[in-house]
Amino acid sequence: MEHSQTSLEKKLPEMPLCSRRRFLATLGFSAAALAIDPGKLLHAEVGKDIPVDSNHLVLLADTHCGPNLKHQLDFLRKSISEIVAMNPRPAHVLIYGDFAFLYGKREDYVVLQELMVPLHQAGIPWTTCMGNHDRRDTFTEIFPEHAQKSLLSDRLVFRVETPFVDFLLLDSLIQSDDPNRWITPGEILPDQKDWLHETLKSQTKPVIVGSHHLLNETKIADVLKSHSCVAGYLNGHAHYWNGADYEGVPALTLPSNGHWGDIGIVNLRLTPKEAVFQLTMRDYLLGNKPPEFEPNPERPKQIAAKQGAIWRLDLA
């Protein structure tokens, strides 16, 4: 399928209960962990009459949030505030991994739970991949209502449907048994790869596949190329905006939402013929330090060079 990168001038059916129970057992939780306290959930009362654009999604990656992380938290608060203020509102927010800061600790996800409340209040659903800084078990403990939607019992794998294209968010996390260790490489293991192949066989409309890690790590380019329904691949992990072919598969690497590298947010608009991704650059950071403590002569140049960049996928 054709694609290009230019610069702007300036339920599904619910997972069977038995599968959910097996999944929770795998992660060390009982089915009771799925019980949601209604008192903790806020109904979408704020701006509930604002229309929703079913062909507009917002993409984030590498939020890297946890307690006492000022600029990461500030960037995510800003992104969520802007998303909630959109009129019409986007149909979904997709987050391509490294949701938590470094080790996927419980306190990271508790902070994130609080940060995501405005999306819930506005009635905007969100879905995240697992990155190498995340942990499935801890994420499931804090966000059981998200984990129960997984399409696989031992991984967190999700489908998000829109009128013209579906999104499959895969799980490339190779999780360590040591809770104080994170692993950079990621991979789609053979069982998930087989599942993907069988799922794509029955796909009836275009699909954009993605995970946290790049295609050279996930090693699924061969599967994607073998199915004409696949329009392209999305990933985070590298913290820079870059669209390119990998072994014949159009692939887009998303910026970090607020950690280091390209800092930004991506708006995706869909038509029957194409998917148009547009980057809003917020900043460019050389390392994990607040901008005011980091002399960075490349900062203005990098921001200007990528501001408003567009990448397209052909869906026809």
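## Terms and basis

Contact means heavy atoms within 4.5 Å of each other. Helices (H or I, at least four residues) and strands (E, at least two) are DSSP runs, numbered from the N terminus. Axes are lines fitted to C-alpha atoms, for helices over the stretch in contact, and angles run from 0 to 180 degrees between N-to-C directions.

This is a predicted model, in which local features need pLDDT of at least 70 and side-chain atom pairs count only at pLDDT 80 or more, while totals for chains, interfaces and linings use all residues. Residues are numbered from 1 along each chain as its sequence is written, and side-chain values use heavy atoms, with hydrogens and water left out.

## Confidence

pLDDT is the predictor's confidence in each residue, from 0 to 100. The chain averages 87. At least 70 is reached by 83% of the residues. Residues 1-45 fall below 50, although this stretch has 84 contacts in the model beyond near neighbours in sequence. Where pLDDT is low, the predicted coordinates should not be read in detail.

## The chain as a whole

Ten helices and 13 strands make up the secondary structure. Of the 316 residues, 54% are buried (under 20% relative accessible area; exposed is over 50%, partly exposed in between; 1.4 Å probe, protein chains only).

## A six-stranded sheet

Six strands form an open, mixed sheet in the order β5-β6-β7-β8-β10-β9. Two strands pair if DSSP finds at least two bridges between them. The edges are β5 (158-161) and β9 (242-246), each pairing on one side only. On average, neighbouring strands of this sheet are turned by 25° against each other, direction ignored.

β5 and β6 run antiparallel, joined by four bridges. Together they form a hairpin with four residues between them. Phe158 has Leu169 in β6 as its bridge partner. Elsewhere, β8 (residues 230-235) and β10 (residues 249-253) run parallel, with three bridges. Leu234 stands opposite Leu252 in β10.

Helix α7 (residues 190-201) lies across β5, β6 (166-169), β7 (207-210) and β8. The helix runs at about 170° to β6.

## Arg312

Arg312 sits in strand β13 (residues 309-314). Arg312 counts as partly exposed because its relative accessible area is 28%. Its side chain makes a polar contact with the side chain of Glu274 at 3.3 Å. A polar contact is a pair of N or O atoms within 3.5 Å; within protein, one must be able to donate a hydrogen and the other to accept it, and residues adjacent in sequence count only if both atoms are side-chain atoms. Arg269 is 43 residues from Arg312 in sequence and 9.8 Å away in space, C-alpha to C-alpha.
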